[in-house]
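Look at the structure first, then read the points by topic.

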Amino acid sequence: MRKPKLRELGEAIKAIVKGPYTDKFPFKPANIAEEYKGFPEYQEDGCVRCGGCVQICPVKTIKMIDDPETGKRIMFRDYSNCIQCGQCAEYCLTGKGIVMTNEWDKTTLDPTSIHEQVEDELVFCESCGAVITSKMHMDFIIERLGELAYSNPTLVMHQNYENGLAEKDSGKNHEGFWREDYMRMLCPNCRRNLVFKEEWGG
Ligand code: SF4
Ligand code: SF4
């Protein structure tokens, strides 16, 4: 057997006296740097449930579920295949919907437990019933546009409903589009059809 060199012997004795350099994880929490880019986390107040992060996530670990039955939009993140790239935080619409934490360990025996979700009410088209977006997203757009929001009847009506200045419509009771439909909450498709009819009588 080769005899250890003096330096190696010194290191071994130091390790016996001082203890190992490495952390005792998983028996004790690991010592992680503040700046370490770990898993992302939704911020209840900063996220407006727009769905932008669903588009940007390269591994499709974020899902957006619109449920017309409950009238809810759910943003759902499954951590089991998140690669901690940070793109969802970087390109978040509001810039404060997601923060990157330095949490890195989500080891569990139950993979269904490593997810997070945020939700909001859906806003529907008053003509065809399609989902327009989430209520918080609508509010965010109105706030960002300021007085320019008054140029869009859908935004105006949303604001009116929110402020109790108009009663929510129970839906159209006629085929096609009439002039009165102009002041309804309409999805882009129905708005386009209405404008075409107004312009060219189509
Ligand atoms: S606000 Fe940001 S975090 Fe929330 S859904 Fe939109 S892009 Fe995602
Ligand atoms: S950190 Fe990257 S992989 Fe993880 S949810 Fe965000 S975009 Fe997707």
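Along the sequence, the elements of the chain run α-β-α-β-β-α-β-β-β-α-α-α. That makes six helices and six strands; helices (H or I, at least four residues) and strands (E, at least two) are DSSP runs, numbered from the N terminus. This is a predicted model: local features need pLDDT of at least 70, side-chain atom pairs count only at pLDDT 80 or more, and totals for chains, interfaces and linings use all residues. Residues are numbered from 1 along each chain as its sequence is written, while chains are lettered from A and ligands numbered from 1 in the order in which they are written.

**Overall shape**
- The chain has a radius of gyration of 27 Å, whereas a compact globule of 202 residues would have one near 17 Å. The radius is taken over C-alpha atoms, and the globule rule is 2.2 Å times the number of residues to the power 0.38.
- Along the principal axes, the C-alpha atoms fill a box of roughly 95 × 35 × 30 Å.
- Of the 202 residues, 19% count as buried. Buried means 20 or more other C-beta atoms within 10 Å of the residue's own, exposed means 12 or fewer, and partly exposed lies in between; C-beta atoms are placed from the backbone.
- Of the contacts with a separation of 6 or more, 68% join residues 24 or more positions apart. Two residues are in contact if their C-beta atoms, placed from the backbone, lie within 7 Å.

**Domains**
- Domain 1 covers 34-123 and domain 2 covers 125-202; the bounds come from an automatic or database domain assignment.
- Their C-alpha centres lie 29 Å apart.
- Ten residues from domain 1 and eleven residues from domain 2 make the contact.
- On the domain 1 side, strand S5 (residues 115-124) gives the largest share, four residues.
- That side has four nonpolar, one polar and five charged residues. Ala, Val, Leu, Ile, Met, Phe, Trp, Tyr, Cys and Pro count as nonpolar, Asp, Glu, Lys and Arg as charged, and the others, Gly among them, as polar.

**Ligand 2**
- Ligand 2 is surrounded by 13 residues, and the closest are Cys57, Cys82, Cys85, Gln87 and Cys88. A residue is near the ligand if its C-beta atom, placed from the backbone, lies within 6 Å of it.
- This shell has eight nonpolar, four polar and one charged residues.

**Valine 59**
- Valine 59 sits in the loop between helix H2 (52-56) and strand S2 (62-67).
- Valine 59 is exposed because 11 other C-beta atoms lie within 10 Å.
- Leaving out residues up to four places away in sequence, valine 59 touches Asn81 and Ile83.
- Cysteine 82 is 23 residues away along the chain, yet its C-alpha atom is 7.1 Å from that of valine 59.
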